[in-house]
Amino acid sequence: MVFGAKAMLYDGLLSASEFEALRRVEVRAESVDAGGTGIWTDAAVAEAAEWSALRSVAGTVKSELAEAWELWEYLE
């Protein structure tokens, strides 16, 4: 995701703050990936702190970008 976002940033299609928001999601996704094979079980997806943090950050970024891009009518 971030590679595509970086290209959009360089092309002027994404602001620096929008890119940084997407980067926050990537950082959290990397922390999930670093959790080892046990992090990929159904129970871990439902209960692990790494997944909870990723969902939280992704939800916040979704809201930020939906507001910036005026996408709320498409997300409801």
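## Contacts along the chain

Take the contacts between residues at least 6 apart in sequence. Of these, 40% join residues at least 24 apart. The model is predicted.

Leave out residues up to four places away in sequence, and Val-61 touches Ala-21, Leu-22, Arg-24 and Val-25.

## Helices

The chain has five helices and zero strands. Reading along the sequence gives the pattern α-α-α-α-α.

## The nonpolar core

The largest nonpolar core holds 16 residues. Leu-22, Trp-51 and Val-61 touch the most other members. Which helices each supply at least two residues of this core? They are α1 (2-10), α2 (16-33) and α4 (49-68).

Val-61 and Leu-22 also touch each other. Both are among the core residues that touch the most other members.

## Burial and surface

The chain has 76 residues, and buried residues make up 24% of them. The accessible surface of the chain comes to about 5,300 Å². Carbon and sulfur atoms account for 57% of that surface.

## Overall dimensions

What box do the C-alpha atoms of the chain fill? Taken along the principal axes, the box is roughly 40 × 30 × 15 Å.

## Charges

The chain carries 6 positive and 14 negative charges. How far apart are the mean positions of the two sets? They lie 5 Å apart.

Terms used
Residues are numbered from 1 along each chain as its sequence is written. This is a predicted model: local features need pLDDT of at least 70, side-chain atom pairs count only at pLDDT 80 or more; totals for chains, interfaces and linings use all residues. Side-chain values use heavy atoms; hydrogens and water are left out. A nonpolar core is a set of buried Ala, Val, Leu, Ile, Met, Phe, Trp, Tyr and Cys residues joined through side-chain atoms within 4.5 Å. Buried means under 20% relative accessible area, exposed over 50%, partly exposed in between (1.4 Å probe, protein chains only). Helices (H or I, at least four residues) and strands (E, at least two) are DSSP runs, numbered from the N terminus. Contact means heavy atoms within 4.5 Å. Accessible areas come from the Shrake-Rupley method with a 1.4 Å probe; for residues, only the protein chains shown count as cover. Lys and Arg count as positive and Asp and Glu as negative; His and the chain ends are not counted. The place of a charge is taken as NZ of Lys, CZ of Arg, CG of Asp or CD of Glu.
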